[in-house]
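Colleague: I would like to learn how to read helix packing. Please take me through a case.

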Amino acid sequence: MAGAASQAAFCIVYAWIARRMAWPFALTAGCMAFALATAALTPIAPPLPVLALAVLVALCVAVRAMPRTAKDAGVRTPPPMWDLPARMVVATAFVIVLTASAGALGPRLTGLLAPFPLYAAVLTVFAHAFDGGDAAASVLRGLLLGLFAFAAFFLVLAVMLSTVGIGAAFATAVAVALALHATSLWLLHRL
């Protein structure tokens, strides 16, 4: 759940840098923001209610801190044929590297790195490269709104796993996440 705050840092920094610089700079800055937030969170293990509130506040602040874009700033350029295979290779390589290094990193740091916005970063970079910084910011705004469901999913699991069991906890967490995703989608179209 705490990894959502690191993802929020990635989104804010990437979106603001993308307004004036090309994707390699924005991606580097976003990754650095994610790494710094993760490093700051690694030694901290607050009680669950405090963590949940902190993540909620971080996500709300991040949504407000995103740069404003034109309503029609979405992706418009049709992707080239190599687009999907390239995205798959990049995402798979990251998963393999993280999985291979999990033993050396330890469970806490691996858990904080696991929510690196890999797929969102790939989508954002491609949107940025083909359609500009506003398109990248639009992708990241959607990610931020989706992070509320991500955090809620893990909060529900943390609260329910030890009391109701795996099946009921996961079913409830999925139901809550889907409801929040539906709400996020509705909000995305209204913002």
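Modeller: H4 crosses H6 in a right-handed sense; that means the near helix is turned clockwise from the far one by less than a right angle. Helices are DSSP runs of H or I, at least four residues, numbered from the N terminus. The model is predicted: local features need pLDDT of at least 70, side-chain atom pairs 80 or more, while totals for chains, interfaces and linings use all residues. Residues are numbered from 1 along each chain, and side-chain values use heavy atoms, without hydrogens and water.

Colleague: At what angle do H4 and H6 pack?

Modeller: About 145 degrees, with axes 10 Å apart. Axes are lines fitted to C-alpha atoms over the stretch in contact, and angles run from 0 to 180 degrees between N-to-C directions.

Colleague: Which residues in H4 meet H6?

Modeller: Contact means heavy atoms within 4.5 Å. Among them are Ala86, Val90 and Phe94 in H4, meeting H6 residues that include Val122 and Phe126.

Colleague: What follows H7?

Modeller: Gly165, whose phi is positive, near 95 degrees.

How values were computed. Helices (H or I, at least four residues) and strands (E, at least two) are DSSP runs, numbered from the N terminus.
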